[in-house]
Amino acid sequence: MTETPALLEITDLVKHYPVRSGVLRRAVGTVHAVDGVSFSLRVGETLGLVGESGCGKSTVARSVLRLVEPTSGSIRIDGEDITHLSKTELRPHRRSMQIVFQDPFASLNPRMTAGDIVGEPLSVHGLATGREKQQRVAKLFDQVGLRPDQMRNYPHQFSGGQRQRICIARALALGPRLIVCDEPVAALDVSIQAQVINLLIDLQREHGFSYLFIAHDLAVVAHISHRVAVMYLGRIVEIADKTELFRNPRHPYTQALLASVPVADPRSKRLKPLVDGDVPSPVNPPSGCAFHTRCRYAMESCKTERPGLRDAGPQHQVACLLNDGMGRAGEFA
Amino acid sequence: MRNKYLVRRFFFAILPFLFSLWTAEASALSGVVSVQDLINFLNDYRNSSNQHKQSLAADLQKKLGTAVVLITHDLAVVAETAQRVIVMYAGKKVEEADVDTLFANPRHPYTRGLMASIPAVPTADASHDVRLAEIPGTVPSLTKLPAGCAFAPRCSLAIDRCREKYPPLEDWGGGHLAACWRAAETVRRP
C-alpha cells in the first residue's frame, strides 16, 4: 500500500463556527469543530474515521468536499490544492468526489423518481441525456443491486437499505475516485447493514476508488477500513493500520473506545468503563491535551502541553504525551 | 433517530414513577429516589454518548427497579442489558428465550442470520477479506405477506411446508420458544 500515491491530502484542517448571541448577533465564542486535522488517503484505500458524537467527524467529511468552507488548512486532491478554488473552478473536481449521507430518508428528494435522482448528476455535468442517460442509470441500478424497472419508483416505495443503494448509485454516477461515506449504515438494520457494507467493499474492489468512511460503530469501521483514525474534540488522537490499531491501541482514548464496544455475547462480562463523563464542550475545549479531563493517566504536563501526532511504530501515529518518552500508554492498560 | 426513540421509550417507562412521586405515596418512595434524581437521570441520559446509553439503561434498572422494555436492532446492546429477549419478524414473535440461551443456541433462522451479520471487532487473524453474512432480500411488506412463514422467502433452510403453513410457536425446553418448522435441526450456532 505504501507505494500507491496519495489521492487526498488534508493538512491542518481547521473549522471554527462562531457562536452568536444578542440582538446584534455578535460572535461571543467559537465552536472548535475541527482543530488541526491532517491525514492522507491513498488510491483504493479506505480510511475509517471514528469518534464520539460531536467530535467533528462529519465536519471533516463535509470540509473535504468543500460543502462547508474550512477556516484554514489545505485540501489537496491528486496533488492539486482545492481549498481556495471558486465554485466554477471546483466543478471539474466535484466529479471525482462524492458523498453518501447517513440518513437515506432525508437525502433523497421525495418528488423525484429513483431513476431521476441517480441520473441527475449526469445531467448537471452534461455527461449524458435521453436514452444514453437511461441506459447508464439502468447500469448503475444493476451495479448496486437494484432492478432497473425500479427506476420509475419514488423513494418512499423503497426500504431503508434500498434507499441507501440509491444514494450509492447516485454517488457512483460520475465515476468518482473518492467517496466520503458519512455514517452510511447507522440508520439500517443489522442484516441490511451487512448487505450495504458488502456492496461497498465489492464496488471498491471493482472500481478501485477510495473511501473516507465515517462511523461511530467500531466494528463496522474495523470491517471495512484499511486504516483507522480516531478523533476526539476536533483532533486526530491516533491513526494506524487497522490491525495494528485494534491489536495495539496506544492512546488512552482509543483504549477506552475499544473497551466500550458492546459484544454480542451475554457471557462476556463488561469491564468498568475506562472513561466517565461526557465529551467537553467544543466551545471551550480543555487546554493542553483535550482528553486530559477524562484520562486516567493524565499528568500535570497534559494540562498545558498539546501533544502532536508522533510515530509510535510502523504505520502508527499517536498524539499522547505518555508516548513521548514518558512511557507507553499501552503498558498501563 | 434511534436514540430519540429510546429516550422517549425510557420516558414512558418511568412515567408511572414520576406520577407516583407527585402523589401521596411519594413520601414512601422519596427515600429511594427524588424527582430531582430522576430529572438528573433523564438529563444525563439525553446528553450522554451512544456507548454510554446502554450502561445508563442498566443503571435505570438497578437504581430504580424499573422494568425496561428495550426495543432495538442492536444485538450487542441486547446481550449486555437484557435478561430475556423476544425476536420479532414481520409482526410476529418468532423466538423468545433468556438471553444466555438465545445467544448460545438460537433456533430460528432469522435470529441466526441476525447474529451472523454482526461485524466483529477484529482480532489478530481477522482480515478485510472476510465477507459479512447477509440475509438476502428485505422484510416483506405487511400488506403483502407471503403464505406460510413470512421469513421463508429469505430463509436458506426453507422447505415446501414453510411456504404453505405458518409454524407454531413451540417450547424447545426451559421457556425457549421458536416458531420454525426446522427448529429441531437448528441446534447449535454454525
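**Exercise 1. Find what share of the contacts in chain B between residues at least 6 apart in sequence join residues at least 24 apart.**

Solution. Start with the criterion: two residues are in contact if their C-beta atoms, placed from the backbone, lie within 7 Å. Keep the pairs in chain B that are at least 6 apart in sequence. Of these contacts, 43% join residues at least 24 apart.

The model is predicted: local features need pLDDT of at least 70, side-chain atom pairs count only at pLDDT 80 or more, and totals for chains, interfaces and linings use all residues. Residues are numbered from 1 along each chain as its sequence is written, while chains are lettered from A and ligands numbered from 1 in the order in which they are written.

**Exercise 2. List the secondary structure elements of chain B and describe the sheet.**

Solution. Take helices (H or I, at least four residues) and strands (E, at least two) as DSSP runs, numbered from the N terminus. Chain B then has 8 helices and 4 strands. Read from the N terminus, their order is α-α-α-α-α-β-β-α-α-α-β-β.

Next, pair the strands; a pair requires at least two DSSP bridges between them. Strand 1 (84–89) and strand 3 (170–171) of chain B are its edges, each pairing on one side only. Inspect strand 2 (residues 92–98) and strand 4 (residues 177–178) of chain B: 2 bridges join them in the antiparallel sense. B:Glu96 sits opposite B:Leu177 of strand 4.

**Exercise 3. Characterise the packing of helix 3 and helix 5 of chain A.**

Solution. Helix 3 (residues 114–124) and helix 5 (residues 160–172) of chain A pack at about 25°, with axes 7 Å apart. Angles under 35 degrees count as roughly parallel, so helix 3 and helix 5 of chain A are roughly parallel to each other.

Now name the contacts. A:Ala114, A:Ile117, A:Val118 and A:Pro121 of helix 3 meet A:Ile166, A:Ala169 and A:Arg170 of helix 5. By class, these residues are 6 nonpolar, no polar and 1 charged. Here Ala, Val, Leu, Ile, Met, Phe, Trp, Tyr, Cys and Pro count as nonpolar, Asp, Glu, Lys and Arg as charged, and the others, Gly among them, as polar.

**Exercise 4. Describe the side of chain A that touches chain B.**

Solution. Count first: 36 residues of chain A contact 34 residues of chain B. Helix 6 (190–207), helix 7 (218–224) and helix 8 (242–247) of chain A each supply at least two residues of this side. Helix 6 of chain A gives the most, with 7 residues. Finally, sort by class: 17 nonpolar, 11 polar and 8 charged residues.

Definitions and conventions:
Axes are lines fitted to C-alpha atoms, for helices over the stretch in contact, and angles run from 0 to 180 degrees between N-to-C directions. Angles under 35 degrees count as roughly parallel, over 145 as roughly antiparallel, 65 to 115 as roughly perpendicular and the rest as oblique.
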